[in-house]
Amino acid sequence: MYSTLVTALSALRHNRMFEIVVITVIIISALEIGAKTFPLSDTALLVTKLMDRAITLFFLFEIVVRFIAEPRKKDFLKSGWNLFDTLVVIISLVPVDESEMALLARLIRVFRVLRMISIIWFESKYITFE
């Protein structure tokens, strides 16, 4: 049963559409954080709070998928990007009030955009168009 789960999550992890969804959520996360720098109505604040929670849960799901899909679990945290992503998700899970500290915790997630850019750049170097 566990090997079936690993196989399924590995297929999901390497699915191009899943990667696009992850990139899209990262961009939405950055936009949501940017929106919070403006004065918002109570309704908009509620929507951004719900979005923030959904995004955090999605990032947690993505980290779990990548960890379980990793054939050699020890190697997961040997990757600097996996360590960075795990720390970002853990920091995002820490409950903080709506202070500057909360904004800082959310801003850390924006740095994941740099990771996505590096992945896209790295993959494009090895993709040949024939």
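Over which residues does pLDDT stay under 50? That stretch is residues 125-130, for which the model has zero contacts beyond four places in sequence. Here pLDDT is the predictor's confidence in each residue, from 0 to 100, and a contact means heavy atoms within 4.5 Å.

## Basis and confidence

This is a predicted model, in which local features need pLDDT of at least 70 and side-chain atom pairs count only at pLDDT 80 or more, while totals for chains, interfaces and linings use all residues. Residues are numbered from 1 along each chain as its sequence is written, and side-chain values use heavy atoms, with hydrogens and water left out.

The mean pLDDT of the protein is 80, and 73% of its residues reach 70 or more. Where pLDDT is low, the predicted coordinates should not be read in detail.

## Overall make-up

The protein has seven helices and zero strands. Both kinds of element are DSSP runs numbered from the N terminus (helices H or I, at least four residues; strands E, at least two).

Of the 130 residues, 28% are buried, that is, under 20% relative accessible area with a 1.4 Å probe and protein chains only. Among contacts with a separation of 6 or more, 69% are between residues 24 or more positions apart.

## Helix 1 against helix 3

Helix 1 (residues 2-13) packs on helix 3 at an angle of about 120 degrees, with the axes 8 Å apart. Axes are lines fitted to C-alpha atoms, for helices over the stretch in contact, and angles run from 0 to 180 degrees between N-to-C directions. The two helices are therefore oblique to each other, a class for angles left over once those under 35 degrees (roughly parallel), over 145 (roughly antiparallel) and 65 to 115 (roughly perpendicular) are taken out.

Helix 1 contributes Y2, L5, V6, L9, S10, L12 and R13 to the contact, and helix 3 contributes F61, V65, R66, I68 and A69. By class, these are nine nonpolar, one polar and two charged residues. Ala, Val, Leu, Ile, Met, Phe, Trp, Tyr, Cys and Pro count as nonpolar, Asp, Glu, Lys and Arg as charged, and the others, Gly among them, as polar.

## Helix 3 against helix 5

The axes of helix 3 and helix 5 (residues 80-93) come within 10 Å and cross at roughly 145 degrees. From helix 3 the contact takes T56, F59, L60, I63 and R66, and from helix 5 W81, N82, D85, T86, V89, S92 and L93. This contact divides into six nonpolar, four polar and two charged residues.

Technical notes
Buried means under 20% relative accessible area, exposed over 50%, partly exposed in between (1.4 Å probe, protein chains only).
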